[in-house]
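Walk me through this structure, step by step.

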Amino acid sequence: MSAVGTFLLRRRGGRGWHWTDVVTWIWLISGVFLMFGPAVWLVFSSFKTPAALAEFPPSVLPYVTEQAVVPGHDKPLPLYYVTMPDGSSRVLAEVRRIGIMGQMVDPKQPGEIVKVNIKDRTPVRKVEFAAGNYTEPFQRFDFLLFLRNSVFVTVTATAITLLVNSMAAFALSKYQFPGRTAVMLMILATLMVPLSVIVVPLYSVIGTLNLFDSLWGVILPTVATPTGVFLLRQYMLTIPDELIDAARMDKASEWQIYWRIILPLSAPALAVLAIFSVVWRWNDFLWPLIVLSRKELYTLQVGLNVYAGELNVQWHYILAMTVVSMIPVVLIFVFLQRFITTGIAGSGLK
């Protein structure tokens, strides 16, 4: 048996099953379903047709009703398993439905109309993935433009966030000046202020700078984050001051110390902050919705809102594009997740 199998099947009671083994398995399996169940449901639902999404009770897999071309009818007709009065079963195609009665025909003998109560029939279904949910938004809508805007905002804002926050953290961790603790407390105090409280002041500032209908109006107000300053400062406190003193003795400038010593040694914490920043910027909806009014500047999250009309919501497009919007965040996490434990542990966060 492989090492993985041995690890998964080992029991506390040795040869027999202990009651704690059963509880542990139930707990872990329930946790897997709670964590990954909604994501799996989202992925499968993104391949469903609008009719399949409206079905009740809903199904996990994207089922569609099979259709058949019947002579004398312009469009393919849906197929049903029909239970006849004598107890036999037939496969019939529905021509039309009137109330609780459906007018059915045999695809092989389309001349005879059979009236069937809808409770005596079951649709002939098969699993079929509606790939058009992914291709049509790129072909018919501006989803590719929304995606490009989101990539620009996320990459630019993350780069500026890492630069600004690391500079502030460097100053607050390695320089001794009056009021350093008070400044840090003021930064931490802003963690308790939600965005909705400062929307009006930010709106006034952006209006004064003429940054409305500009992606820079989305980027600049969010680049300095108290969470990033605190995380990086706590990590930089673990870097020995002797390294900085030695660099100064070698005539290194403060910029060289910051760029060549502090930043490389703070890579784990910077990776954690990069993950947080990507998630924040990529999923941001409220602030881009306030700043942007031209459709060609919409970010991804705002652009998805165009599929939700006043009387019609195109859920099949929304679900498919939601899956697409999750891919960059997942990839960033996969490539940088090995830094999370190191970065958070080193920054003193518990």
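Axes here are lines fitted to C-alpha atoms, for helices over the stretch in contact, and angles run from 0 to 180 degrees between N-to-C directions. Helices (H or I, at least four residues) and strands (E, at least two) are DSSP runs, numbered from the N terminus. This is a predicted model, in which local features need pLDDT of at least 70 and side-chain atom pairs count only at pLDDT 80 or more, while totals for chains, interfaces and linings use all residues. Residues are numbered from 1 along each chain as its sequence is written, and side-chain values use heavy atoms, with hydrogens and water left out.

Start with helices H9 and H12. Their axes come within 9 Å and cross at roughly 170°. That angle makes H9 roughly antiparallel to H12. The word has a cut-off: angles under 35 degrees count as roughly parallel, over 145 as roughly antiparallel, 65 to 115 as roughly perpendicular and the rest as oblique. Which residues meet? From H9 come Thr227, Gly228, Leu231, Leu232 and Tyr235. From H12 come Pro268, Ala269, Leu270, Val272, Leu273, Phe276 and Trp280. Contact means heavy atoms within 4.5 Å. By class, this contact has ten nonpolar, two polar and no charged residues. Ala, Val, Leu, Ile, Met, Phe, Trp, Tyr, Cys and Pro count as nonpolar, Asp, Glu, Lys and Arg as charged, and the others, Gly among them, as polar.

H12 also packs against helix H15 (residues 315-336), at an angle of about 175° and with the axes 10 Å apart. H12 and H15 are therefore roughly antiparallel to each other. H12 brings Ala271, Ala274, Ile275, Val278, Val279 and Trp282 to this contact. H15 answers with Ser325, Pro328, Val329, Ile332 and Leu336. The contact of H12 with H15 divides into ten nonpolar, one polar and no charged residues.

Now look at helix H5 and helix H11 (residues 254-265). Their axes come within 12 Å and cross at roughly 105°. That makes H5 roughly perpendicular to H11. Leu163, Ser166, Met167 and Phe170 of H5 touch Glu254, Trp255, Ile257, Tyr258, Ile262 and Leu263 of H11. Here the classes are eight nonpolar, one polar and one charged.

Next come the strands. Two strands pair if DSSP finds at least two bridges between them. Strand S3 (residues 77-83) and strand S4 (residues 89-98) run antiparallel, joined by five bridges. Leu79 stands opposite Ala93 in S4. The hairpin of S3 and S4 has five residues between the strands, and Gly87 takes a positive phi near 95° there.

S4 pairs onward with S5, in the antiparallel sense, over five bridges. Arg96 has Gln103 in S5 as its bridge partner. The hairpin of S4 and S5 has two residues between the strands, and Gly99 takes a positive phi near 65° in it.

S5 (residues 101-106) then pairs with S6 (residues 109-117) over six bridges, in the antiparallel sense. Gly102 has Val116 in S6 as its bridge partner. S5 and S6 form a hairpin with two residues between them.

Turn to the spaces. On a 1 Å grid over the protein atoms alone, a cavity is a set of points where a 1.4 Å probe fits but cannot get out, and a pocket is an open set with protein on both sides within 12 Å along at least five of seven lines; lining residues have an atom within 4 Å of a point. Grid points are joined across faces, edges and corners, and a volume is the space filled by probe spheres set on the points.

The largest pocket holds about 520 Å³ of space. Its lining has 17 residues, and Leu195, Thr222, Ala224, Thr225 and Pro226 lie nearest its centre. H9 (226-236) and H12 (267-283) are the elements that give two or more residues to this lining. The lining has eleven nonpolar, four polar and two charged residues.

How many cavities of 30 Å³ or more are there? The count comes to one. The largest cavity has a volume of about 60 Å³. Its lining includes Ser150, Val153, Thr154, Arg281, Trp282 and Gln301. H5 (143-174), H12 and helix H14 (300-303) each give two or more residues to that lining. H5 gives the most, with three residues. The lining of the largest cavity has five nonpolar, four polar and two charged residues.
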